[in-house]
Structures are given as C-alpha cells and as structure tokens.
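Thank you for making time this morning.

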Amino acid sequence: CPLTLTRSIADCRIGISTIKEKWETRLFMPNIGIATVDYLQCLYGSYDQSEEAVYISSHFLPNEQLVEEILSLNPNESLVFGDQVIATFGSDKKKIETKANLICIKRPWDLFSQNAVVLEDDFAWVTRGRTSQNLDVHSKLIGDADQLFIEEGAIVNASIFNTTTGPIYIGKDAEVMENTAIRGAFALCEHAGTKLSTKVYGATTIGPYCKIGGEVNNSILFGYSNKGHDGFLGNAVIGEWCNLGADTNNSNLKNNYGEVKAYSYAVKEEVKTGLQFCGLMMGDHSKSSINTMFNTGTVCGVSANIFSSGFPPKHINSFSWGDKRFDFEKALEVARRMMERRGKVLTKEAVSVLQHLYNQSA
C-alpha cells in the first residue's frame with residue numbers, strides 16, 4: 001500500500017493517534033521498538049530481539065481485553081486469531097485463541113472504514129478524567145457536551161459542532177476558523193486547522209499540522225498535509241507532506257453504485273475492496289494541481305506530482321511527474337522545501353528510503 005511504502009503500519013494514524021502510540025499508552029510502555037522490512041528499519045533503529053521480548057502484530061489495535069491477554073502470556077506462548085498471530089512471547093509452541101473483539105487493519109481502506117469505531121474508543125481513552133476547555137460563546141453545540149473535548153491552546157471561533165453522530169476532539173493548539181461545521185466522529189490533532197466555512201462529516205481524522213478546507217467526509221490525513229481549499233475529499237487516506245491543490249476533488253462512488261476496485265501493491269492489479277464508497281489513497285510527498293479530478297478508488301504512490309486535463313489514472317506510480325518520471329534530486333528538493341516550512345528536516349534515513357523506492361519504481 002502507498003501509505004506503508006515509507007513507514008511501518010505501526011505509524012499509520014487511525015482515530016486520534018497512530019497504532020504505535022495506542023499500544024504505548026495502553027501498555028504504559030513508551031518507546032516501543034518496531035521491527036519492519038529491511039529498507040525501512042533504518043527509520044526505527046534497533047529493537048529488542050531477546051527471548052524476553054513480546055512481539056505484537058501492528059495490524060491489530062489494542063483494547064482492554066486484548067492488552068490483558070497479551071500481558072498474561074507466558075514464555076513460548078502465542079496469542080492467535082484463527083491462523084493469524086496477534087502476539088508472541090519467545091517461540092510460539094503453544095497457541096492461545098483470543099477472546100477479545102478485534103479491529104484488524106489489513107488494507108489501506110480499512111483505515112477510514114474502521115475510523116468511526118476507533119475514534120470513539122480513542123476519545124474515551126484520551127479524555128477520561130479530564131476537563132475540556134470551554135466552547136466559545138459564538139459557537140453552537142448540537143448534542144452532548146461531554147462528547148466535545150477542546151484541548152488547551154486550541155482556538156475555536158463561531159462554528160457548529162454536532163456530537164449526535166459521534167465525539168469531537170480538538171487537539172492542543174489546533175484552530176477551527178469561523179463558520180466551520182463539524183459532525184462527529186472527528187479529531188483535529190495538535191496544531192492542525194480548518195479554513196473558513198469548512199464542512200466536515202464523520203468519521204474524519206485530521207492529523208498534526210494539517211490544514212483542511214472545503215468538504216471532507218470519512219477521511220484521514222496522517223500529518224503535515226494540506227487540503228486547504230474548496231473541493232471534496234471522501235473515503236480517503238492521505239499520507240504526510242501531501243498537498244491537494246485548489247478545487248481538487250475525488251469521486252468515492254461509482255456511477256453504477258457498484259463495488260469499488262482499487263490497485264493492490266501485493267498482487268500488482270486491481271482488487272475488490274468490498275466497499276461501495278472508496279475514494280483516494282495517497283502516499284507521502286505527493287501533490288495534485290488545481291482542479292484535479294481523482295476517480296473512484298484511486299491509489300497514488302509516493303512523491304507523485306499529478307496534473308492532467310482529465311482524470312489521472314486510477315493507479316499513479318511513485319515519482320510520477322504528470323505522465324513522465326520525476327527527477328529524484330528535484331523530488332528531494334520539493335520535499336525539503338515543504339518540510340522546512342514546518343521546521344522539519346529530511347533525514348539521511350528518509351532519503352535512503354526514498355532512494356530505494358525510486359529505484360524500485362523504475
């Protein structure tokens with residue numbers, strides 16, 4: 001999937017936080033190590049490979065019962081769900097079937113499909129025992145006040161919040177500009193923001209330092225990405241350091257109302273998603289020009305620049321420049337410029353990952 005070309009699945013965002021952050025808080029273990037594919041391991045450093053280490057599959061999200069079952073594992077035991085291994089303590093000589101209700105992320109569209117349930121769970125966990133900042137007097141709340149939480153430093157002005165369809169979380173130092181209308185479930189993470197008159201439908205997550213405008217429905221932006229202008233984004237997952245140009249739109253429903261197919265990196269062809277609504281999956285550092293029209297079930301790779309007079313292909317290769325190939329050094333230059341605006345640096349490890357992907361995309 002384009003989202004895991006540049007990160008472990010553990011760093012994918014769903015609900016309020018990433019999968020890794022969820023496990024760290026639920027296990028009360030900061031700085032959990034990550035084991036991933038060879039070319040990505042440089043991003044994460046070393047990890048505990050001793051017999052005392054417990055390995056947990058990043059495909060599974062934590063809940064109270066699952067955490068309890070994992071912490072109860074003895075050496076040489078594995079927690080499983082059918083033929084899927086959830087966690088292993090040493091070797092897996094003895095298999096124990098889980099009794100927990102599981103949320104498993106296997107495909108990119110699982111992220112937005114499961115986002116409503118995960119948002120509710122994250123909201124309850126993050127806000128337990130805490131007090132929200134007050135909603136400004138010019139804003140309107142529809143629904144229960146205990147389903148709206150505003151972190152310290154957030155700026156909220158003259159907007160509408162509807163919690164009857166799910167909780168709404170406004171992160172630290174985030175900004176909701178005037179006339180924004182939000183229906184839960186929704187999370188606006190730290191330093192993220194909505195532009196004037198933004199319309200948001202649940203279940204949507206806007207990651208750290210992202211900006212959104214126009215109309216957004218059941219979508220996730222991982223972080224540091226922008227959809228700052230009018231246009232529709234629906235049933236979509238957008239990676240980091242992406243920018244959707246003004247009036248970019250994606251289709252999320254076929255004209256015949258049929259099941260959507262999307263490109264799979266595993267089998268290198270389109271597969272059935274099982275969904276009637278499925279929009280855009282976009283990898284890190286990709287950009288679309290103004291008035292871009294994405295077809296239903298479009299999958300876009302890493303560091304692609306999309307511009308055309310009609311619909312782009314449903315599968316857009318990494319390092320595309322329109323219908324040509326993006327020069328690697330120019331791609332790095334664009335990435336560095338965008339990251340510098342947020343005070344971030346493109347590390348040598350990240351360059352190594354991009355170089356690997358560029359060589360593969362040839």
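What follows covers the helix pair, then the salt bridges.

Please keep in mind that this is a predicted model, in which local features need pLDDT of at least 70, side-chain atom pairs count only at pLDDT 80 or more, and totals for chains, interfaces and linings use all residues. Residues are numbered from 1 along each chain as its sequence is written, and side-chain values use heavy atoms, with hydrogens and water left out.

Helix α1, residues 19-27, and helix α5, residues 115-127, have axes that come within 12 Å and cross at roughly 40 degrees (axes are lines fitted to C-alpha atoms, for helices over the stretch in contact, and angles run from 0 to 180 degrees between N-to-C directions; helices are DSSP runs of H or I, at least four residues, numbered from the N terminus). That makes α1 oblique to α5, since angles under 35 degrees count as roughly parallel, over 145 as roughly antiparallel, 65 to 115 as roughly perpendicular and the rest as oblique. On the α1 side, K22, T25 and R26 meet V118, D121, D122 and W125 of α5, where contact means heavy atoms within 4.5 Å.

Turning to salt bridges (a side-chain nitrogen of Lys or Arg within 4 Å of a carboxyl oxygen of Asp or Glu), the count comes to 11. One of them joins K22 to D122, with the closest N and O atoms 2.3 Å apart, so that this pair, with K22 in α1 and D122 in α5, ties together parts 100 residues apart in sequence. R26 likewise forms a salt bridge with D121, at 2.8 Å between the closest N and O atoms.

Conventions. Helices (H or I, at least four residues) and strands (E, at least two) are DSSP runs, numbered from the N terminus.
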